[in-house]
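Here are some notes to read alongside the structure. Please keep the model open and follow the points in order.

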Amino acid sequence: MTDFPLPFEDDDPFASAGLRLTVDLTALTENWRDMARRSGAARAAAVIKADAYGMGIEDAGETLYLAGARDFFVATVDEGVTLRLYAPEARIFVLSGIWPGTERRFFENDLVPVISSDEQLAFWMAVLADYGDYPCALHVDTGFNRLGLHIDDALALADDVSRPASFAPVLIMSHLACGDDPTHAMNLRQLESFRMVSAAYEGIDSSLAASAGIFLGEDYHFDLTRPGISLYGGEAVSGMANPMRPVATAEARIIQVRTVEAGETVSYGRALQLHRKSRLAIVSAGYADGYMRSQSSGGVPLRQTVPQGGQGFIAGYKVPVAGRITMDLTIFDITDVPENAVRAGDYVELFGKNMALDDVARAAGTIGYEILTSMGLRHERRYVAEE
């Protein structure tokens, strides 16, 4: 057996990773504090579902807790159980609610179910009959037509004198359908509907605004706001300059640099024909890693309506995706980058400080949320605190 004189004990997984994600915890903290200030008199919660939008629920949760967040929203009971270890005194709301067989995990970890359907409400009433007082939140649909009790049912429940005394919601909430468009008439219609519900549950905290709703102004803030994408640097309002600090930087290693003659084609389907002698960098990230195939420079339907495909950043230059993105690999055209500035082993930034997350998302025909939460399982994360 060959002996390899390599310092295996000193290996740095981040330094050797093909795809890596740097998370700036200082930026995360500052973004939460910014949204807390914008929330005015309302308290600002922190939404950290989907593994904190791909940033890691453990580190992101602890960071936001230490920054002062005391109300958190997660999607599942599993996320709530994990977060409890890092936010010991926080109030943690589980957006998917409670189902038979999960009661013990809610109680043992002091999690608050968000009740959003007739079925969940009936089950919750039965739980209270067995276990006594326990807090919950009520999610009321004010026009989104996703989750939520029908508004008439929520109003009737508020007036129902026969409801159990142990039924004591601590939060009434709803969600805006068009908050990212400040001019949309739907925002005002939902606000008026939610005001009716909030008034019916006088004395109980109310929450309507997620990230976009916070920017709509104090009428939408009520008692508690729920910033999510804005915490992670994403764009919450369409057509408005994004004031948030970038939190995540994704990079992929260059596996090979190759020179290709003019007239040759690149990647599957010969989707790109080169019009000049070109240098191409093949990097270790593809659609299996969340770097979406729709960003390909050609050969995908989106390019018929959005001409600009994806771009990366290296050595001070933005470099275009060349041809179709494949499962594990993406090709970038680095012809305009000085030859001595790029070599195999270097990293191309996929998004981050030099490639705005939402610009990357637009090239893919999607939103920053999907880019962040789709980065896959193969990236190595590193946490930094940059000033």
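1. Ser174 is buried, with a relative accessible area of 1%. Ser174 lies in the loop that links strand E9 (171-173) to H9. Helices here are DSSP runs of H or I with at least four residues, strands are E runs of at least two, and both are numbered from the N terminus.

2. A word on the basis of these notes: this is a predicted model, in which local features need pLDDT of at least 70, side-chain atom pairs count only at pLDDT 80 or more, and totals for chains, interfaces and linings use all residues. Residues are numbered from 1 along each chain as its sequence is written, and side-chain values use heavy atoms, with hydrogens and water left out.

3. What surrounds Ser174? Beyond its neighbours within four places in sequence, Ser174 is in contact (heavy atoms within 4.5 Å) with His139, Val140, Asp141, Thr142, Phe194, Ser207, Leu208 and Arg226.

4. Now for the whole chain. The protein chain has 12 helices and 20 strands, and its C-alpha atoms fill a box of roughly 80 × 55 × 40 Å along the principal axes. Of its 387 residues, 51% are buried. Among contacts with a separation of 6 or more, 67% join residues 24 or more positions apart. The chain exposes about 17,900 Å², and carbon and sulfur atoms supply 51% of that area, as computed by the Shrake-Rupley method with a 1.4 Å probe.

5. Have a look at helix H8 (residues 151-159) beside helix H9 (residues 185-200): their axes come within 9 Å and cross at roughly 20°. The axes are lines fitted to C-alpha atoms over the stretch in contact, and angles run from 0 to 180 degrees between N-to-C directions. H8 and H9 are therefore roughly parallel, a label for angles under 35 degrees. On the H8 side, Ile151, Leu155 and Ala158 meet Ser193, Met196, Val197 and Ala200 of H9. These contact residues divide into six nonpolar, one polar and no charged. In this grouping, Ala, Val, Leu, Ile, Met, Phe, Trp, Tyr, Cys and Pro count as nonpolar, Asp, Glu, Lys and Arg as charged, and the others, Gly among them, as polar.

6. Which residues are buried in helix H4 (residues 57-67)? They are Ile57, Ala60, Gly61, Thr63, Leu64, Tyr65 and Ala67. The buried residues of H4 pack against helix H2 (25-38), strand E3 (46-47), helix H3 (49-53), strand E4 (71-74) and helix H5 (77-84). After H4 comes Gly68, with a positive phi near 125°.

7. Asp110 has a positive phi of about 55° and sits between helix H6 (103-108) and strand E6 (111-115). Asp110 is partly exposed, at 44% relative accessible area. Phe222 has a positive phi of about 50° and is placed between helix H10 (211-215) and strand E11 (224-225). Phe222 is partly exposed too, at 22%.

8. Finally, is Glu339 buried or exposed? Glu339 is exposed, with a relative accessible area of 62%, in the loop between strand E18 (330-333) and strand E19 (347-351). The C-alpha atoms of Glu339 and Thr102, 237 residues apart along the chain, are separated by 58 Å.

Methods: Parallel < 35°, antiparallel > 145°, perpendicular 65-115°, else oblique. Buried < 20%, exposed > 50% of the residue type's maximum accessible area, 1.4 Å probe, protein only.
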